[in-house]
Amino acid sequence: MNSEVLQKSLDIYEYLVEMKRRIHANPELGMQEFATAALVESELRSMGVEIVPLEQNVGVLGIIRGEKTGSGTVSALRADMDALPIQETADVPDKSKVPGAMHACGHDAHTAMLLGAAKILVSMKERFSGTVKLIFQPAEETLGGALYMIEQGALDAPKVDRVFGMHGHSSYLVGEIAFREGPSMASSDFFTVTIKGKSGHGAYPHRTGCDPVLAACTSALALQSVVTRQIDALDSVVLSICEIRGGTAKNIIPETVEFGGSIRCQNMETRNSMEGRIRDVVRGIAASYKCEAELDYHYGVPPLVNAPEMTSLARESARKLVGADRVKTIDFPAMGSEDFSRYLEKVPEGVFARLGIAEPGKPAPVFHNGGFVFAEGALPYGTALFVQFVLDVNQ
Ligand SMILES: [Zn+2]
Ligand SMILES: [Zn+2]
């Protein structure tokens, strides 16, 4: 027999599918989620959920107040709403109506599941105390949406005690839910290095003696040795140089060369050391080639670290829904990033769960691919997990 909360989620299956399909067919890119936010807001209003007004109308913040006498703590549940600039190729009933845009990461489903959870929580107000904040954020893919919601006050008034979010995952079957305590996803920072030399004739490099192409190439090689020679091999760091630009002709040594890349770390201390390490290497190498190097470093999102106690509470909630054998442990942290980590930076008591979306006998869905399909059968599980978590922690 299904648990009460899972049954309530299965009972609104048609609603969940309808919401997911409406959003899927009308994808909007980051910070342009006007129609999606309007749909979410009108659904929440029709359920009687309080809406906190925000600037720009690309996110929605809802509030549900529990009626049970208890600790009165505040839980925030988060979904993301943005799509990706990808042309949909899958033949599905809710195929994207917007050329070149598609929900290829399942954020449409995350939004539908949180709407479903709101619907159920409103009907169960007497079963939890305190407050539930519903955060429907824009722009997760560009890693700026969580910051926007935080700046709009999503974690204040009333102050949030804990945050909970989830993402679909193709390594787990529909009905499975996975967790990982502690460091789970990487930080994501970006950098650009500009090497200034002196332009001259390709036949006479010695006349200027400062070739920025050579300095840039040597820097690119040497930066990999920062990871392998300066960082503990058990402390994961990825440094990828993904752009390099310079020159206008095959016989002119250019004045400048620019290259840039991405840095991912699991450890906050290591993350904070990378800017200095990179600057030292590129300046040192540029100087040895009689060039100058400038580093422009941009801090994106911090590593995602799940609070152990909150994770075991969420595990317990998941067990109530799907049974212990379908609650999984994620063995290794991932080097990808999630801007949910911004909420955890402000409210460390939080957890980010993984919801299985793979189906037996079908190839695993590939995220960020035009053929991506989010298994609709997973929707009630995500909805139920949001609800059960609130019932368990808002005592
Ligand atoms: Zn994505
Ligand atoms: Zn995503």
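Helices and strands are taken here as DSSP runs, a helix being a run of H or I with at least four residues and a strand a run of E with at least two, both numbered from the N terminus. In the predicted model, this assignment bears directly on G323, which follows just after helix α8 and takes a positive phi of about 85°.

Helix α8 itself comprises residues 308-322, and its 15 residues reach 21 Å from the first C-alpha to the last, close to the 21 Å expected at 1.5 Å a residue. The buried residues of this helix are M310, T311, A314, R315, S317, A318 and L321. Because these residues cover an arc of only 160° around the axis, they are placed on the same side of α8. On the other side of α8, P308 and E309 are exposed.

The chain as a whole contains 10 helices and 16 strands, and its C-alpha trace spans about 80 × 45 × 40 Å along the principal axes. Of the 395 residues of the chain, 48% count as buried.

The chain is divided into domain 1, which covers residues 4-185 together with 303-393, and domain 2, which covers residues 188-301. The C-alpha centres of the two domains lie 39 Å apart. The contact between them takes nine residues from domain 1 and 11 residues from domain 2. On the side of domain 1 that touches domain 2, there are five nonpolar, two polar and two charged residues.

Nonpolar residues are also grouped in the interior. In soluble globular proteins, nonpolar side chains tend to be buried together. The largest nonpolar core in this model has 102 residues, of which L114 and L385 touch the most other members. This core lies between domain 1 and domain 2, because both domains give residues to it. L114 touches L77, A79, L134, F136 and F386, when residues up to four places away in sequence are not counted. A second, separate core of seven residues includes L84, A101, M102 and C105.

Several backbone features occur in loops. The peptide bond from A157 to P158 is cis, with omega near -5°, and P158 is found in the loop that lies between α5 (145-151) and β5 (162-173). In the loop between α2 (13-25) and α3 (34-47) is M31, a residue with a positive phi of about 65° although it is not a glycine. M31 is classed as partly exposed because 16 other C-beta atoms lie within 10 Å, a count that falls between the limits of 12 or fewer for exposed residues and 20 or more for buried ones. A positive phi, near 60°, is likewise found in H368, a residue other than glycine, which is placed in the loop between β16 (350-358) and α10 (379-393). With 11 C-beta neighbours inside 10 Å, H368 counts as exposed.

A35 has its place in helix α3 and counts as partly exposed, with 14 C-beta neighbours inside 10 Å. When residues up to four places away in sequence are not counted, A35 touches N26 and E28. A35 and I23, which are 12 residues apart in sequence, are separated by 8.9 Å from C-alpha to C-alpha. Y299, in turn, is located in strand β13, which covers residues 292-301, and is partly exposed, with 15 other C-beta atoms within 10 Å. Between Y299 and I263, which are 36 residues apart in sequence, the distance from C-alpha to C-alpha is 9.6 Å.

Technical notes. Residues numbered from 1 in each chain as written. Chains lettered and ligands numbered in written order. Predicted model: local features only at pLDDT ≥ 70, side-chain atom pairs only at ≥ 80, totals over all residues. Contact = placed C-beta atoms within 7 Å. Domains from an automatic or database assignment. Nonpolar A, V, L, I, M, F, W, Y, C, P; charged D, E, K, R; others polar. Expected span 1.5 Å × (residues − 1). Arc of directions from axis to C-beta. Core = buried A, V, L, I, M, F, W, Y, C linked by C-beta atoms within 7 Å.
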